[in-house]
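Reader: Hey, I'm new to this one. Can you walk me through it?

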Amino acid sequence: MSDNVKEITSVNFETEVLKSDTPVLVDFWAEWCGPCRAIGPVVDEIANDYNGKVSVGKLNVDNENQLAMQYGVRSIPALLVFNNGAVVNQIVGAVPKNRITDILNTVISS
Amino acid sequence: MNRKVIIIGSGPAGLTAALYTARANLNPLVFEGSQPGGQLTITTDVENYPGFPEGIMGPELMDKFRDQATRFGAECHFKHVTKVNFSEPPYKVWVADECYTAETIIIATGASAKMLGLESESELMGYGVSACATCDGYFFKDKKVIVVGGGDSAMEEAIYLTKFASEVLIVHRRDEFRASKIMVERALNNLKIKVAWNTVVADILGTQKKGVHSVMLKDTQNDKTREEACDGVFMAIGHIPNTDLFVEALDADQAGYIFTKNGSTATNLDGVFACGDVQDNVYRQAVTAAGSGCMAAIDAEKYLENLHG
């Protein structure tokens, strides 16, 4: 995992995600999920590329089932983009990098 | 740089082709696509791949395939090919606006789960509609789910889902399953599994925000519809080959499976080969896909030898 990626838990969710000054990309994932493993390195790359502009976190749904339920995650990988405490966009499934960065760019420029 | 070999796809077929072409010093470039490792990465135990007497997890098996191919120099990129031009060699392959060229192309893009084609289905995909019980079953603890289909994969998904769900209803359009006897028995003997025979899903009701809350089921005998409450819908109605990019250039059957010449992986274009599920509507096994991937590599190698004398 890249140094620029934070592990998100119910303990730090409020400070790291809801109260973040920058938009946050949260990758809901699990060990047993093949597509999550495929997209993991892409999320790491994005964390490095967008360092300072977008914070990136990973949330293990096995450990943080409650948060996954709360945000209606029913399929992983699920990438939720938060801005000012709310979900502004989300992507379900392992998608090419540019689909994620397109969304982040729109969120940053808005 | 004009490559000797570009391989499109990274399931057992593509990665075996990568292993063999790498060992033949052809320096293959593999475009892994949107699902690196292919369909096995959304399964759990693989019990019929020879050499693993205790079985092996699908994703782990595919990691091993990839490691073995890269060990001999195959380059694997997590990129999705968006366009090809096979009108003349060198053949062109695009990933968004990056263009790559190669003397030979090995197509191993496999197949994807077939969908019903309902508007609500695509809207709710990932929000209660799924084509992968092993990926998404976890989110349906103590919920009621529906599995659509009547083949082995429908039985497998239904049985797997009973680990989480409180009730699994298999919806099948005929009055008997085409799944193998052993799988049908396992499913029907499971107390959590019920079956709606001669029934099809006419619509899926729900929202992205709140997920699925029910389906409209239609009895094919009398056309009567009824609403059935459920939290998830899992599709297991077969597969379609991932050949949209190629059907213009390559001969394929009506369903889109690429035609290969008998006993080889050659397509109608010299230097373009196809292997695995993309050209196999019959066997569709990891081991047969790997076997045909090996054939494609050897076919490509021979083709290049003849080309360069």
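This is a predicted model: local features need pLDDT of at least 70, side-chain atom pairs count only at pLDDT 80 or more; totals for chains, interfaces and linings use all residues.

Reader: Okay, and where does V42(A) lie?

Author: V42(A) is in helix 2 of chain A, which covers residues 34-49.

Reader: Which residues does V42(A) touch, leaving out those up to four places away in sequence?

Author: V42(A) touches K97(A) and, over in the other chain, F78(B). There's also S2(A): 40 residues separate S2(A) from V42(A) in sequence, and their C-alpha atoms are 10 Å apart in space.

Reader: You mentioned the other chain. How many residues are in contact between chain A and chain B?

Author: On the chain B side 20 residues are in contact, and on the chain A side 17. Helix 2 (58-71) and helix 4 (133-136) of chain B each supply at least two residues to the chain B side.

Reader: What's that side of chain B like by class?

Author: The side of chain B that touches chain A has 10 polar, 8 nonpolar and 2 charged residues.

Reader: Switching topic: which residues touch the most other members in the largest nonpolar core?

Author: Those are F28(A), I146(B) and V147(B), in a core of 70 residues. Helix 2 of chain A gives the largest share of this core, 6 residues. There is also a second, separate core of 51 residues, with L26(B), M62(B), V272(B) and F273(B) among its members.

Reader: Which strand does it pair with, and in what sense?

Author: Strand 2 of chain A pairs with strand 3 of chain A, residues 55-60, in the parallel sense over 6 bridges. V24(A), for instance, stands opposite S55(A).

Reader: Back to chain B. How many helices and strands?

Author: Chain B has 7 helices and 19 strands. Its radius of gyration is 21 Å, close to the 19 Å from the globule rule for 309 residues, so chain B is as compact as a globular protein of that length. Of those 309 residues, 48% count as buried.

Reader: What about helix 7 of chain B, how many residues?

Author: Helix 7 of chain B has 23 residues, 286-308, and reaches 33 Å from first C-alpha to last, close to the expected 33 Å. Its buried residues include A289(B), G293(B), M295(B) and D299(B).

Reader: What covers them?

Author: The cover for the buried residues of helix 7 includes strand 1 (2-8), helix 1 (12-23) and strand 8 (98-107) of chain B.

Reader: And what follows the helix?

Author: G309(B) follows helix 7 of chain B, with a positive phi near 70 degrees.

Conventions
Residues are numbered from 1 along each chain as its sequence is written. Chains are lettered from A and ligands numbered from 1 in the order in which they are written. Two residues are in contact if their C-beta atoms, placed from the backbone, lie within 7 Å. Helices (H or I, at least four residues) and strands (E, at least two) are DSSP runs, numbered from the N terminus. Ala, Val, Leu, Ile, Met, Phe, Trp, Tyr, Cys and Pro count as nonpolar, Asp, Glu, Lys and Arg as charged, and the others, Gly among them, as polar. A nonpolar core is a set of buried Ala, Val, Leu, Ile, Met, Phe, Trp, Tyr and Cys residues joined through C-beta atoms within 7 Å. A residue is buried if 20 or more other C-beta atoms lie within 10 Å of its own, exposed if 12 or fewer, and partly exposed in between; C-beta atoms are placed from the backbone. The radius of gyration is taken over C-alpha atoms; the globule rule is 2.2 Å times the number of residues to the power 0.38. The expected span of a helix is 1.5 Å times one less than its number of residues. Two strands pair if DSSP finds at least two bridges between them.
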